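Trainee: I would like to learn how to read a model such as this one, feature by feature. Could we take each idea in general before turning to the case at hand?

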Amino acid sequence: IKAATELYNAGKVKYILVSGDNRRNSYNEPEEMKKALIAAGTPDQRIILDYAGLRTLDSVVRAHLIFGLERFTLISQQFHNERAIYLAQQSHLQAIGYSAQDVSAYAGFKTNLRELLARVKVFVDIVTNKAPKHLGEKVKIPE
């Protein structure tokens, strides 16, 4: 949230597409990110929600197929940006990463283990031509 706010306030991004999971009533990543961005000063109308970003592959592919983006900036921790940029490149999209502060040492072990497995899964997804779980209606992001 802090990194996204920095980019928005610096005029480097016009809109922030927040992509995440909301499959359970008690868990809605996009809405929580939107609340935090608004609390940090990002105007509501500059935040676009993607409720079907169940995983990185879905978020990257949907950014193009649903939201019409050919070029975009990924805002996450460095380890995640590396994987997301690789997925974007495999889809012939132009993506750069802006790395947020890394996770704490306490969360680090669990996150690093999860990331190791996720990186293996990236190659399986590419070889099997995995598609996002949900596509849906196209959403136009204003210029």
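Trainee: Which residues are linked in a network of salt bridges?

Mentor: The general idea is that side chains of opposite charge can pair when their charged atoms come close. A salt bridge is counted where a side-chain nitrogen of Lys or Arg lies within 4 Å of a carboxyl oxygen of Asp or Glu. Here Arg55, Asp58, Lys121 and Asp125 are linked in such a network, and the structure holds seven salt bridges. Bear in mind that this is a predicted model, in which local features need pLDDT of at least 70 and side-chain atom pairs count only at pLDDT 80 or more, while totals for chains, interfaces and linings use all residues. Residues are numbered from 1 along each chain as its sequence is written, and side-chain values use heavy atoms, with hydrogens and water left out.

Trainee: Is Asp58 buried or exposed?

Mentor: Buried means under 20% relative accessible area, exposed means over 50%, and partly exposed is in between, using a 1.4 Å probe and protein chains only. Asp58 counts as buried because its relative accessibility is 2%, and Asp125 counts as buried at 7%, whereas Arg55 is partly exposed at 24%. Asp58 is found in helix 3, and, leaving aside its neighbours within four places in sequence, Asp58 is in contact (heavy atoms within 4.5 Å) with Ala52, Gly53, Pro132, Lys133 and His134.

Trainee: What does the salt bridge of Arg23 look like?

Mentor: Arg23 pairs with Asp21, the closest N and O atoms being 2.8 Å apart. Arg23 counts as exposed at 55% relative accessibility, whereas Asp21 counts as buried at 9%.

Trainee: Which residues touch the most other members of the largest nonpolar core?

Mentor: A nonpolar core is a set of buried Ala, Val, Leu, Ile, Met, Phe, Trp, Tyr and Cys residues joined through side-chain atoms within 4.5 Å. Of the 13 residues in the largest one, Val60, Phe72, Leu74, Leu87, Ala88, Leu93 and Ala95 touch the most other members. Helix 3, strand 3 (71–77) and helix 4 are the elements that give two or more residues to this core. Not counting residues up to four places away in sequence, Val60 touches Phe72, Ala84, Leu87, Ala88 and Leu93. Apart from this core lies another, of nine residues, among them Ala4, Leu37, Ile47 and Leu49.

Trainee: What are the buried residues of helix 1, and what covers them?

Mentor: The buried residues of helix 1 (residues 2–9) are Ala3, Ala4, Thr5, Leu7 and Tyr8, and what covers them includes strand 1 (16–19), helix 2 (29–39), strand 3 and strand 4 (94–100). Ala3 is buried, with a relative accessible area of 7%, and, not counting residues up to four places away in sequence, Ala3 touches Ile75, Tyr98 and Ala100. Ala3 and Ser76 are 73 residues apart in sequence, yet their C-alpha atoms are 7.9 Å apart in space.

Trainee: What is the phi of His92, and where does this residue lie?

Mentor: Most residues other than glycine have a negative phi. His92 has a positive phi of about 60° although it is not a glycine, and His92 lies in the loop between helix 4 and strand 4, where His92 is exposed, with a relative accessible area of 71%. Asn129 likewise has a positive phi, near 55°, in a residue other than glycine; Asn129 is placed in the segment after helix 5 and is exposed, with a relative accessible area of 65%. Just after helix 1, Gly11 takes a positive phi of about 75°.

Terms used
Helices (H or I, at least four residues) and strands (E, at least two) are DSSP runs, numbered from the N terminus.
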